[in-house]
Amino acid sequence: MSAAISRAFQPYDGERTSSADQFWVIPRYGYRELFRSRFTLILFVASFFFPLVFLAAIYARQNAQVLAIFGQQMLDGVKIDAGAYIVLTYAQSWFAFYLALWVGPPLLGRDMANNGLPLYLSRPMSRTAYIAGKLMVLLGPLSIVTWIMGVFVLLFQGSFEGSAWLVANGRLFMAVFVGSWVSIVLYSLVALALSALLRRRWMARGAMLGSLFILRGVAGIVNLLFNAHWGSLLSPTEVQVTILSSLFGQDRWFGALNMRPDISAGSAWIVFGLICAACLAVLYRRVRAYEVVR
Amino acid sequence: MSARNGHAAPGDHAPDNLAPDAHAADLRETIVIKNVSKFYGEILGVNRVNLIIRPGVTSLVGPNGSGKTTLMNLLSGLLQPTRGEINVLGVPVADAERLGRRVGYCTQVDSFPSGMTGYDFVYGFLRVGGFGPADAKARAWSAIERVDLVDAAKRKVAGYSKGMRQRIKLAGAISHGPRALILDEPMNGLDPMARAEMAALFQALAAEGHFVIVSSHILHEVDTLSDAVVVINHGYVLAEGDIHDVRGAMDADHPTGILIRCDKPGLLARHAFEYDHVIEARLHDDGQGLLVRTRDAEKFFRALGEIALTADLTIDSVTPADDDVEAVYRYLIGTSGETT
Amino acid sequence: MSEVIRLEGLGVRLGGRPILHELTVRLKGRAVGLLGPNGAGKTTLVHTLLGFHAPSVGTAQVLDHDIRDPRGLKAIRAAVGYMPERDAFLGDVSAIRQVRLFAELSGLPPKAALERAHEALIAVGLGEARYREVRTYSLGMKQRAKLAQAIAHGPRVLFLDEPTNGLDPAGRARMLQIIAEIRDSGVTVVLSSHLLHDVEQVCDEVLVLKDGHVALHADLAAQRQANTRFLDVEVRGDRPALAQALAAGGCEVALHGRWRLKVVLPAAWGMRDVYAAAAASDAQVRRLTYRRHSLEDLFLHAMGLPTAFAPDVEGTSAVPQAIPPKEAADVRRD
């Protein structure tokens, strides 16, 4: 027994991993924990819904038999164009939001609830590496749910419409990609920042959900009070819609509804940047190895 | 046993270790726990405890979950026994008001209302206890002085170090002048100087005739500080009394070991074996000492004294190998550590 | 033995206030005790060596890596284990999962990390419980899990902050035994504690801080070489009479505890004379040992407080400080 004990205590002399390898430890362990919750799986599967509907619609338009049943009217009615993709991207961003809300808080909450941070930060990893590692865990699922599915649908349509269509609609690819990343970055940072601030996962989740709707209401009130439009800058949903509209170059959703609030794309991007910066500031302040007591 | 002062005298059977001719007058000078059990539903707190606690410093030792806190809650009246009786200085524990005046309790709880200063804490406690403003103020300052927190008394408790919080809690417990103090790990978090000061305070209080009942995990401190020790495990009292008496009583099963360093250990061994309470004498590894095991420590030390003066050898040092709380704890409870 | 930790004029400011004042010390022991009153700067020192704070002045080296050099700091953290004072664990994760996570973060390849995590948990006595979530553990088990994560990656230096906090006597004895075994395996242990007894048992070097200064740096091993006229005597019977008899014979005597005396023998006296005095006074000698200055004497002396006998400071490097009056204003936690 004493042989086993002394071996356990002896200094380690073997091979050591590189900083890059060490960086991936947190994402690896994070992914292992990811589907521990059944609800995560449910959300994830549910997020396939709209893309599947799109895929079905795209296929239906090409399929002679279906056309025979429904007729040419349907062909004109169900147009899969920029107006449709902006809706798809927006819808998927909501799934991304709920995924981030569900998965994000435990990532930090688990570490902070019982003072686990000193254990991380007394190791050769910087705060940046820690935060980035946690972000990585979110980036995978959120990417799949947003731009990966979006680009897949685009390619699916492209396979039917031909390379000319693909070239003509290159902007769609860019818009789906960038628009998705705006959601991913925004929601990941907000989820992590709120959980660093509030620590308890349900409080962070509640705050994330509540703030979205509350800010929307506040934006509306401000607009009313000041008879202006800049109030919409306070609401993240309006900001996101503005950015999407400008990326797609498209005001009309499904060709009909004009969803765009009356604020400039430039100001929307600035607000987006400010929110992200604020989240990073909160994260860097709260991710510490010790609590400073005044 | 006669009824006295209107309260029912403790039952018909005297606790085993009260002398038959002890009477009610003695009861006002002791804390008597008679056949007390406490259950929380099915869960055991303490089981058939019989104890008499006298003035002085009494330490409770035992693993976590052994019943120390239950016992202290029972003594302070926070809990009532499921069976049996407890009498604190002549007051049954059911009589909360009279008990409260005689007992000061200092728990492990470490939270205070925010914004409260140290002085407020003690003063408020006194006022709630029924003391008038002037009286409470005087007593509060007196208690604060005793624990040496006068400079910090007007500052918020939230800003205190752990040691200072322990001391202000102690001030609260002694402020109303109780005769008995029940303190749950009072030295937790104190630095060595504060520990020494608090130990000195306990001894001073004991000298004044108070009952100072302390629970602690730091056994060597218990050794130097206590007049009596109560060893408890699984809700049972395993041993109680002066630690050396307790150790002596265990000699039959655990013969006392004593290490004697001298210039002629062989000669010492020959002398030692002349006494039949000595059952083992072993040369220490370096050849300069003798480890003796005896069934009767008392007799052996007397014998050693004679050997030291008459035999042709020079004793260098005498060290009991296990005549302390640590050893008693080890023998009674062991290092199995099933609770931690 | 080469120096494991070197402080060179190390000064640290926190929140605008100086906490550590230009400490210069070289620590080479196998086990170093870090002592001092609350607010003296012990935790700040450990945090600075781990790189949680940057020094404002001076520098320090751990295992020959400088804390001011970012790469040096990384190297230090890979070679060091830290057991914080407060509870520190990942709640709903099993012990084995977290210990291997932290081992991998310290630079071990995954398989080696898993192996050593198992070994560490078994070595601290959590063999059976290691697959359970740590939030289900008792206090003592949590302490041991904290220790396991600190040693699983095989550090050369181990920082322990109050490792026996909250443990019952059996748990304390076990923890100290494990720490002693770690020390004997060649790991340098830095033990910060309020319990002088723990430090005395485990450490052979002590560093005492007060108000951010070094109050004492002593080699306990050297101190333990007995060569003195100081005695520790424990008696039964008439202690005051014995004290008088000893004093009458020219000894310095101080009473201590309930049954003890500290005695300094005059040159002419031997042990036999002590026994003679005891016999004459109807006191029975129960314990008789040379009392090398205990850590307590050294500590009190370093704090500027009276002790029974002023220790000779040979073998220590005490830097007597002008000790400010006992400050209850010393609320600052470090």
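Predicted model: local features only at pLDDT ≥ 70, side-chain atom pairs only at ≥ 80, totals over all residues.
## Confidence in chain A

Among the elements of chain A, helix 7 (residues 72-77) has the lowest mean pLDDT, 63, while helix 9 (residues 117-121) has the highest, 94. Here pLDDT is the predictor's confidence in each residue, from 0 to 100, and helices (H or I, at least four residues) and strands (E, at least two) are DSSP runs numbered from the N terminus. Chain A as a whole averages 86, with 89% of its residues scoring at least 70.

Residues are numbered from 1 along each chain as its sequence is written, chains are lettered from A in the order in which they are written, and side-chain values use heavy atoms, leaving out hydrogens and water.

## Where chains C and B meet

On chain C, 45 residues are in contact (heavy atoms within 4.5 Å) with 56 residues of chain B. The buried area between them is about 4,200 Å², with carbon and sulfur atoms giving 54%; that's the accessible area (1.4 Å probe) two parts lose on being put together, summed over both. In chain C, Arg272(C), Tyr275(C) and Arg286(C) lose the most area to chain B, together 16% of what that side buries.

## A salt bridge across

The rule finds 1 salt bridge across this interface, meaning a side-chain nitrogen of Lys or Arg within 4 Å of a carboxyl oxygen of Asp or Glu. Glu298(B) pairs up with Arg286(C) in a salt bridge, their closest N and O atoms 3.2 Å apart.
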